[in-house]
Structures are given as C-alpha cells and as structure tokens.
Amino acid sequence: MNQEEQIEAREHRAVSVELIIEIQQFLYREARLLDGEHLHEWLELLADDIHYWVPGVQARYRKDDARFSPTRMAFFDDDLEYLKIRVARAKQPSAWAEDPPTRHFHLVSNIEVEATDNPTEWTVHSLILNNRHRTEDDEMELKARRVDLIRRNEDGCLKLARRKVTLLETVLQAKNINTFL
Amino acid sequence: MPNLSMKADDKMKLAAKISDFVDAEEGYIDRRIFWDDAIYLLELERIFARCWIFVAHDSQLPEVGDFITTTIGEDAVIVSRGEDGKIHTFLNSCSHRGNRVCFAEVGKTRRFTCNFHGWSYGLDGSLKSVSLPKSYDGRSNFDKAQLGLHQARVESYKGMHFACFDPDAPTLEEYLGDFRWYLDVILDNDEGGIEFIDGNIKSRLKCNWKFPAENFVGDSYHAPWTHSSALIAMFGKSPNIRPERSYHANANGHGWEGGLDFIGNAATLKSPQILEYLREQEAKFAERLGKARSRMVASLSSANVFPNLSYLAGHNTFRTWNPKGPKETELHTWVFLNANAPEELKEEYRRGVMLTFSPAGVFEMDDGENFENCTAVNAGVVTRRQKLHAGMGLDSGIEHEELKGNVYQSQINEANQRAFYQRWADLMSAETWADVPAR
C-alpha cells in the first residue's frame, strides 16, 4: 500500500469522537447493570444473534499455534438461549449461593473502536477487571481482554453482537464465574 | 502452604490415631481430616503417592510426542506418548537441580529440555543429552542411564490411563476391583469406547479435596436442594428420585450412586439430539451391558474412583480433584462421548457440560460455594471439635441379583460416603499395601 492509499484507508476507517463516546457509554452502562445484577436489562443490550464466548485458555509453547479453538472446552460459548438460562437460574429465589448477593464491580478500560466493512458494526477492544466479594473475606478477581462486535440496530440502538473474552489465567483462580464479563 | 515434611515417629503416631477420625459404622467424621496439615501430608504419602491416579485418556494423546502436564498429589508430572507408542508418566523435575522440564500444559514435542542447564529428556523420561557434555568426561559418576526422570507405573483400563508411584501397589485391575463393572457402563457401552473432547477447564476451589470427591461418590441428597435454582430455571421443578429404583454401590472405596432411569442426567443438557441418540442406542446398550446397566448409561447418578476421579454418566464429564494444601483443590474437567457417536454430538456435549457442570455452569456454581464454606468454618477451634454426621441409610444394605460390589437401596443415602472414608482410613493407617484390606 502506498502512502496515499494508506491515508485513504485510514479515513475510510475513521471513527467519530461522538461514536467512540457513545460506545464507551454503552460499555460503562453494561458494566453498571452487571454490577447491580440487573441481568434482565443486561440481556436487552444483546443482539438476537449474540455469540458470547469465553474460551478455555491453555499455556502452550510459542511454536504451538493452537492457543484457541472454537471446538475446545470453554467457560461460555453461548447463544441468547443459553444466556437466558443462566440469568433465569441466577434470579431464582432458591439460588442459595447468591444470597446475600455478591458485591461486584466491572471496571472497563483501554476501549478502542475500529470500523469494520459493515458501516453499522464496529470492532471494540477493551480490558475488563471484575472484582467480587462474598461473605466476610471471600475476594475473587477476574481479568480479561475483550473483543466485541457492536452493532447499531435499525431503531438506532447499540447492541452487543459478538464478544470474545480472553481470561489471563489458564487455571481459573476462583470457584466459579457467577457473573458475565 | 504447610511444611511438607514430617518426622517418622510423628507419622506413626498420627497413623495409629486415624481410625479415631472415621467411624464408618455409625457414620461420624472428625473434622480434623479436613484442616490438619499433618493429616494432609500423610494423605500425600499414603493416598496420592500410593494409589492409582487418573492422568489421561488415550484420545488426548493420539500421536507419538503428544503430552500433557498434570499433578499426582502435589507431584508435577508429564504424561506423554513415547516412541514405543506407550503412555509414560514421570516427574516434571530435572534430575540435575530439580527445575521443571516442561512448562506447557499440553502440546507435542520430541524432547523435554530444562531451561537451566539444557538437560534434555526423551518422551519416555530418559536422559538423552546435556549441554557441554565433555565437562563430565573422566572420573565422573555421570551415568545418563541413571539420571532419567523418576517414573511412575502406568496401567490402563479401557482407554483410561492411571499412574502410580508405589511399586508395591496392586495392579490397576485389582485396585478397581468390582468397580470395573460400573466403569464399563461409560467406557464400554459401545464397541468404539469413548473419546475426550479437546480441552480441559481448570479452576481452584478453596476447599479440602475430599468434600467434592465424597459429593460425587454418593451425594444425590444435595441435588434437589443445592441445585434447586438450576432445576427450576431449566425444568420448572426438581427431579423425581425413586428410592425403590435407585442405589448406592461401592467397591474398594470407589462408588456409584444412581437410578435406573436411563436419561435423568442427560436430560439437563438441553439437547434433543443427545436424547435421541441415547434412545436409539438403548437396545444396543442392553445387549452389551445387560438390562440394569443399560439403564445407567445416562441416568440420574454420580460416581468417584478413589481417591479423586469423579464422573457423571449422561452429562459425560470426568473430573479430578487435585490437592493443593488441606484447604485448596484444583479441579480439572473434561467432556467425553462415545467415539462412534455422530460427529455433531460433540458440540452438543461440549456446550451442554459447559452450561451445567463447568465453573460457570448453572449446577456446578452452587457446589463450589458449599465445599468452600464446609472447609473455611473449621478455622474455629470449637467448631473443629464437632463431628460431622454421615449416618443416612445405615441399614440400607441389600443383596442385588445384578449389581456388583456392596449394594444399598436408594440413592438418597450415605453408604458410599462411609465407604469412601473407610477406604481413606484404611490407606492412611496402613504402612504398606499389604495392610490394606479389600473392601
């Protein structure tokens, strides 16, 4: 690519400041809904064809390029139906382990918005830190890198259409993941 | 981490007291076995360095050079497919200064080479080369043949590879005993046997390893209560457990609890394709296994191979509970299916287990919380003095014309948990395998 082509490509891919802020606000709002366990409202942020994927992470040698595989075991590899089952379980009065509730925050950072070939979809990179407290002294932290596909629907709303969450740990340093990342 | 050493006479004194901690006749368990560092150290020696421990399924290591790393007790090991085509298991610790020789958890290689001084080992653990080998020329006791990585015995049962560090241990077949009859329900309901799906989800629980192991060996009792939220979310109600058509059965501390309802566990996977496959195969299962066992292939059930290999028929998941101190356990989870099952069922099982029995699964999520709290409360000295009750079904033993091993009526029972702790106490008290009674 020569310099002119590079400039043209960059302009084509340019994303407005307004859009970046809108997407940031979308992700912050999502994080706040998860913090507060407003899971039914969280589901409304998802596109009908959502693919929510938290693959298992393996420590492999550099020469081994099979770090991830879509057919390998995962923590989440969900469509909307699966996500709704998880929410339904969390919201049952007999979810004993969720009462008293977990105290969460989801910290979102390093948000980077990239245009895609589709003018109503953007690839969005971010980092997520989820800090959880339960009982008196039970503290767990989940740290991950996210790549999202965020889409603007016909009605103008932003929706989360794809998410890949890559945890840093190969051995989950927690008994469970009782939230979304 | 506890100090991993123990004086010989302290060990003898502790071993002599072990029977005080487990009353398998009346069903009382002393909480000491869940928190005491000295007991934990003795477990590493007398349970994990002595028993047959599951390390890999054959399908995980299909080709020469394929390897995984895992632990036996707290001993890090490499499990690899050697040039002889056989599975080898040996310590992941260099004979020179003890560094790890493999840092990946899975992969393919020709050599395991230490980062420190370049000592390099073959797929069978033998020492092949070192850096600057001439430095060892002359009057030296350097003998490569003597400096390979310490080997475990490896034996297999229908594709499941187990390793054992005790040369005096019985053979794997003897060790499994009558429990093979129950394992066959999973491993041999089809002529192709099973295969593992790629991947291994691992997680850490702040619990003693025995709480989850005993949960799988016999605790159907917890299912309708602990898992109420998931059952209601998926089905609107709890399952119907039928005491007259369900059992506890155990042999040598291994145990299966379950019903003859055929598909109770599989039904929670939310996959019509899986249920259709099972129903299509039912007659074939019965041909291979007989009527009773064919009804266990995916039934409401759970099981544990002593000490730490648990599985769920129907959900098709194996898992191991790897001790990391008396208050911490590393869970390794796999998904399996019949090797001859239609290819599309792989996705059904992989996603179904993920939804139900993985750290984010709607069932398993509640279990970890229980196991951790059962462990953590033992910080209190008065709490520690209170024995735990495990006395359900004391008089439930029956003779059954088909079921093997020690059989008890009703899966709502604690007979298998008592047998698990009895086996634990037998091994912990015994100085050698010769002193361990068959159960």
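At what angle do the axes of helix α5 and helix α13 of chain B cross? I started my notebook with that one, keeping in mind that this is a predicted model.

**Entry 1: two helices in chain B**

I looked up α5(B), residues 210–218, and α13(B), residues 415–429, and found that their axes cross at roughly 135 degrees. The two axes come within 8 Å. Angles over 145 degrees would count as roughly antiparallel and 65 to 115 as roughly perpendicular, so α5(B) is oblique to α13(B). I also checked the hand of this crossing, and it is right-handed.

Next I asked which residues make the contact. From α5(B) I noted Ala213(B), Glu214(B), Val217(B) and Gly218(B). From α13(B) come Ala415(B), Asn416(B), Gln417(B) and Phe420(B). I sorted the residues of this contact into 4 nonpolar, 3 polar and 1 charged.

**Entry 2: where chain B touches chain A**

How many residues does each chain give to the contact? I found 36 from chain B and 33 from chain A. On the chain B side, several elements each supply at least two residues, among them the strands β14 (201–205) and β20 (329–338) and the helices α10 (345–356) and α11 (364–376). That side of chain B divides into 17 nonpolar, 8 polar and 11 charged residues.

**Entry 3: strands across the two chains**

I then followed β14(B) over to its partner in the other chain, strand β7 of chain A, residues 171–172. The two strands run parallel, and 2 bridges join them. Which residue stands opposite Ser203(B) in β14(B)? I traced it across and wrote down Leu172(A).

Technical notes. Residues numbered from 1 in each chain as written. Chains lettered and ligands numbered in written order. Predicted model: local features only at pLDDT ≥ 70, side-chain atom pairs only at ≥ 80, totals over all residues. Axes fitted to C-alpha atoms, helices over the stretch in contact; angles between N-to-C directions. Helix = DSSP H or I, 4+ residues; strand = E, 2+ residues; numbered from the N terminus. Parallel < 35°, antiparallel > 145°, perpendicular 65-115°, else oblique. Left-handed = near helix turned anticlockwise from the far one by under 90°. Contact = placed C-beta atoms within 7 Å. Nonpolar A, V, L, I, M, F, W, Y, C, P; charged D, E, K, R; others polar. Pairing = 2+ DSSP bridges.
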